[in-house]
Amino acid sequence: MRLLFKQRFFSWLDSYDIYDEAGGTVYTVEGQLAWGHKLVIRDASGREAGVVREEVLTLLPRFALYMDGREVGEIKKEFTFFKPSFRLDCKGWEINGDFFEWDYRIQDANGTEVATISKEAFHWTDTYVIDVRDAQDALFALMIALAIDAAKCSAGNG
């Protein structure tokens, strides 16, 4: 499954539309005023599907991932000097790649690729492509991409 993650052109808060390959809206993401980033993900019918919430008062950006009101994972930016690095605690997955260039992949505990995330150039707003092997993992992959995008902005690397 392929998702296109496009930031809205005029938006005061983080706001994104997530499309499938046919151009249909799969999810919308709405930033909410909160202490730290809070991104609410809604499915095509407008129901809340997930939340990405920044944990405040931490040395480096850390985000909790929620579905149905309960925490399902966490992603943390790790301390490094030259290349951003993130540690993922979600479904036994691992994340690797070039975060500066927005070219990274998510792998399961066996090393099997779950998803790849890349940035498309030459658009008016930030546009990312999320290729997910199993459609059931699409929401998790989206939440991870949103957390990394927010962490890069928090750290001034956006």
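This dialogue walks through selected features of a predicted model.

Trainee: What is the average pLDDT of the protein chain?

Mentor: Start with confidence. Where pLDDT is low, the predicted coordinates should not be read in detail. Here the protein chain averages 85, and 85% of the residues score at least 70. Among the elements, strand β5 has the highest mean, 96. Strand β1, residues 2-7, has the lowest, 84.

Trainee: How many helices and strands does the protein chain have?

Mentor: Count 1 helix and 12 strands. Read the order along the sequence: β-β-β-β-β-β-β-β-β-β-β-β-α. For contacts between residues at least 6 apart in sequence, 30% join residues at least 24 apart.

Trainee: Which residues have the most contacts inside the largest nonpolar core?

Mentor: Think of a core as buried nonpolar residues joined through their side chains. The largest one here has 42 residues. Phe5, Ile41, Val52, Ile106, Ile130, Ile144 and Leu146 have the most contacts inside it. Helix α1, residues 138-154, supplies the largest share of this core, with 13 residues. Across the protein chain, buried residues make up 43% of the 158 residues.

Trainee: What is isoleucine 130 in contact with, leaving aside its neighbours within four places in sequence?

Mentor: Isoleucine 130 contacts Met1, Arg2, Leu3 and Phe5, among others. Its list also includes Thr116, Ile117, Ala141, Leu142 and Ala145.

Trainee: Is isoleucine 117 buried or exposed?

Mentor: Check its relative accessible area. That is 1%, so isoleucine 117 is buried. This residue is found in strand β11, residues 113-120. Beyond four places in sequence, isoleucine 117 touches Trp102, Asp103, Tyr104, Ile106, Val129, Ile130, Ala141 and Ala145. Its C-alpha atom is separated by 9.8 Å from that of isoleucine 144, 27 residues apart along the chain.

Trainee: Now the surface. Which residues form a nonpolar patch there?

Mentor: Look for Trp35, Val56 and Leu57. Together they have about 410 Å² of accessible area. Leucine 57 is found in the loop between β5 (48-54) and β6 (62-67). Its relative accessible area is 82%, so leucine 57 is exposed.

Trainee: Which residue has a positive phi of about 55°?

Mentor: Most residues other than glycine have a negative phi. Aspartate 68 has a positive phi of about 55° although it is not a glycine. Aspartate 68 lies in the loop between β6 and β7 (70-78). At 76% relative accessibility, that residue is exposed. Lysine 91 also has a positive phi, near 60°.

Trainee: Where is lysine 91 found?

Mentor: Lysine 91 is found in the loop between β8 (85-89) and β9 (94-98). With a relative accessible area of 44%, lysine 91 is partly exposed.

Trainee: Which side chain meets that of lysine 91 in a salt bridge?

Mentor: Aspartate 137 does, at 2.7 Å, N to O. The pair links distant parts of the chain, 46 residues apart. Aspartate 137 is in the loop between β12 (127-132) and α1. At 10% relative accessibility, aspartate 137 counts as buried.

Trainee: How many salt bridges does the count come to?

Mentor: The count is 7. One of them joins glutamate 74 and lysine 76, at 3.8 Å, N to O. Glutamate 74 is buried at 13%, while lysine 76 is partly exposed at 23%. Arginine 87 and glutamate 78 also meet in a salt bridge, at 3.8 Å, N to O. Arginine 87 is partly exposed at 39%, and glutamate 78 is partly exposed at 30%.

Methods. Residues are numbered from 1 along each chain as its sequence is written. This is a predicted model: local features need pLDDT of at least 70, side-chain atom pairs count only at pLDDT 80 or more; totals for chains, interfaces and linings use all residues. Side-chain values use heavy atoms; hydrogens and water are left out. A nonpolar core is a set of buried Ala, Val, Leu, Ile, Met, Phe, Trp, Tyr and Cys residues joined through side-chain atoms within 4.5 Å. Buried means under 20% relative accessible area, exposed over 50%, partly exposed in between (1.4 Å probe, protein chains only). Helices (H or I, at least four residues) and strands (E, at least two) are DSSP runs, numbered from the N terminus. Contact means heavy atoms within 4.5 Å. Patches are made of residues with over 30% relative accessible area and no salt bridge: like charges are joined within 9 Å, nonpolar side chains (Val, Leu, Ile, Met, Phe, Trp, Tyr) within 5 Å. Accessible areas come from the Shrake-Rupley method with a 1.4 Å probe; for residues, only the protein chains shown count as cover. A salt bridge is a side-chain nitrogen of Lys or Arg within 4 Å of a carboxyl oxygen of Asp or Glu. pLDDT is the predictor's confidence in each residue, from 0 to 100.
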